[in-house]
Amino acid sequence: MAKFVATNPEAYEAYVGRGSQRLAPAFVRFAGVSVNERVLDVGCGTGYLTRAIAAAHARATGIDLSISYVDFARRTTADEKVIFDVGDALDLPYSDGVFERALSMLALDLLPDATRGLREFCRVTRVGGTVAVVVNNFRCGWTPFSLVWDAAAVLDPYGAAMRDEMVSKPLGWPGGLAKLFGVVGFANVVEEPLSAVFEYRSFGDYWSSFLTGQGKTGAMSRISKARYAAN
Ligand SMILES: C[S@@+](CC[C@H](N)C(=O)[O-])C[C@H]1O[C@@H](n2cnc3c(N)ncnc32)[C@H](O)[C@@H]1O
C-alpha cells in the first residue's frame, strides 16, 4: 500500500492545501465550533483547519506527525495563541477530556487503524463534547486526483493498484463515517456531504502539483515518472 508522504509543506499547499483552505471554514461551521472552546485539529498538516478554528474565536491546537508540516504551520500562523504540536493521532499527548471538540480533516483514513484513531479523538474530548471528521469520498468525489489514477491505471500496473486501493475505502462512501462512529459508541451522529473547489490556473499548475511527490498520489506520480525515465 502506498504511504502518505509529508515532507514538503510548500508543495502540499499546491497539492491539497488549495482545497483544504476552502473546506476548513465549512467544516468549522458543521462542527459547531464556538467562542473560547478548546478545540483540537488532528492531522493538521499545514494548519488551515487549525487557523479556521482560531478564526471562530476558539482556542485552537493542531497536531501532526510531520515535523516539517508543523514547522510550516507555526511559521505561517500569525495568531500566537494557536498551538501546534508534533505527535501521533493514535497516541495523542493530551489528558482525557481536555478539549470541548476534536476535529480532523482528510487524515483519519490515513491512519493504520481508523477505529483506534477515532477512539483516541474521543478520549481527549470531554464527555458531552463533539468529535467531527472529514474524509475524502475517493470513489466519486476527489476529481482532480481520480483523473490521475484513471490515466495511470491504463498506463502502469502500479497506477492500477493505487486506483484500486483508493476507490476501495468504504470509510469515505456515504454512510461510512457514520458507521464507524456507531462502532466506537457515539450518540447523535450526523453525516453531511461537504465540498470544496480545487482551482487551477492552467494544466501546468494542475499537473505540477502532483510531481512534487507529496501525499500518496504525488508519490505515485514520481515513481511512475522515474520508471518511465528509466525505460
Ligand atoms: C491529507 S493531509 C491533511 C492535512 C490537513 N488536515 C488538511 O486538510 O490540509 C493528512 C495529514 O495527516 C497527517 N498524518 C498522517 N498520519 C498521521 C498520524 N499517525 N498522526 C498524526 N498525523 C498524521 C499527515 O502528516 C498529513 O499532514
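Q: What covers the buried residues of helix 3?
A: The cover includes helix 1 (9–31), helix 2 (48–55), strand 2 (59–64) and strand 3 (83–86). Please note that the model under discussion is a predicted one.

Q: Which residues of helix 3 are buried, then?
A: Within helix 3 (residues 67–75), the buried residues are Tyr 69, Val 70, Phe 72 and Ala 73. Their arc around the axis is only 160°, which puts them on the same side of helix 3.

Q: Why would residues three or four places apart end up pointing the same way?
A: An α-helix has 3.6 residues a turn, so residues with that spacing point the same way.

Q: And which exposed residues sit on the face turned away from the buried side of helix 3?
A: That face carries Ile 67 and Arg 75, both of them exposed.

Q: Moving to the whole sheet: what is the strand order, and is the pairing parallel or antiparallel?
A: The sheet is open and is formed by 5 strands in the order 3-2-1-4-5, with parallel pairing. Strand 3 and strand 5 are the edge strands, each pairing on one side only. From one strand to the next, the twist averages 20°.

Q: Which strands does helix 1 touch?
A: Helix 1 packs on the sheet and touches strand 4 and strand 5. Its direction makes about 145° with the direction of strand 4.

Q: What about strand 4, is it enclosed or open to the outside?
A: Strand 4 (residues 99–105) is largely enclosed by the rest of the structure, because 7 of its 7 residues are buried. The criterion for a buried residue is 20 or more other C-beta atoms within 10 Å of its own.

Q: How many bridges does strand 4 make with strand 1, and how many with strand 5?
A: Strand 4 pairs with strand 1 (residues 38–42) over 4 bridges, in the parallel sense. With strand 5 (residues 125–134), strand 4 pairs over 6 bridges, again in the parallel sense.

Q: Which helix lies between strand 4 and strand 5 in their β-α-β unit?
A: It is helix 4 (residues 114–123), and the unit made by strand 4, helix 4 and strand 5 is right-handed.

Q: Where does UniProt place a domain?
A: An unreviewed UniProt entry gives the feature "domain: Methyltransferase type" at residues 40–132. In the model, that span is 29% helix and 30% strand, and its end C-alpha atoms lie 10 Å apart.

Q: New topic: where is Ser 209, and is it buried or exposed?
A: Ser 209 is in the loop between helix 8 (203–208) and helix 9 (217–230). Ser 209 counts as buried because 25 other C-beta atoms lie within 10 Å.

Q: What does Ser 209 touch?
A: Leaving aside residues up to four places away in sequence, Ser 209 touches Ala 14 and Tyr 15.

Q: How many residues separate Ser 209 from Phe 99?
A: They are 110 residues apart in sequence, and their C-alpha atoms are 35 Å apart in space.

Q: Where is His 57, and where is Asn 188?
A: His 57 lies in the loop between helix 2 and strand 2, whereas Asn 188 lies in the loop between helix 7 (176–184) and helix 8.

Q: Why does each count as exposed?
A: His 57 is exposed because it has 12 other C-beta atoms within 10 Å, and the cut-off for exposed is 12 or fewer. Asn 188 counts as exposed because it has 6 C-beta neighbours inside 10 Å.

Methods. Residues numbered from 1 in each chain as written. Predicted model: local features only at pLDDT ≥ 70, side-chain atom pairs only at ≥ 80, totals over all residues. Helix = DSSP H or I, 4+ residues; strand = E, 2+ residues; numbered from the N terminus. Pairing = 2+ DSSP bridges. Right-handed = clockwise from strand over helix to strand, strands pointing away. Arc of directions from axis to C-beta. Contact = placed C-beta atoms within 7 Å. Axes fitted to C-alpha atoms, helices over the stretch in contact; angles between N-to-C directions. UniProt positions renumbered as here; feature names shortened; annotations may be inferred.
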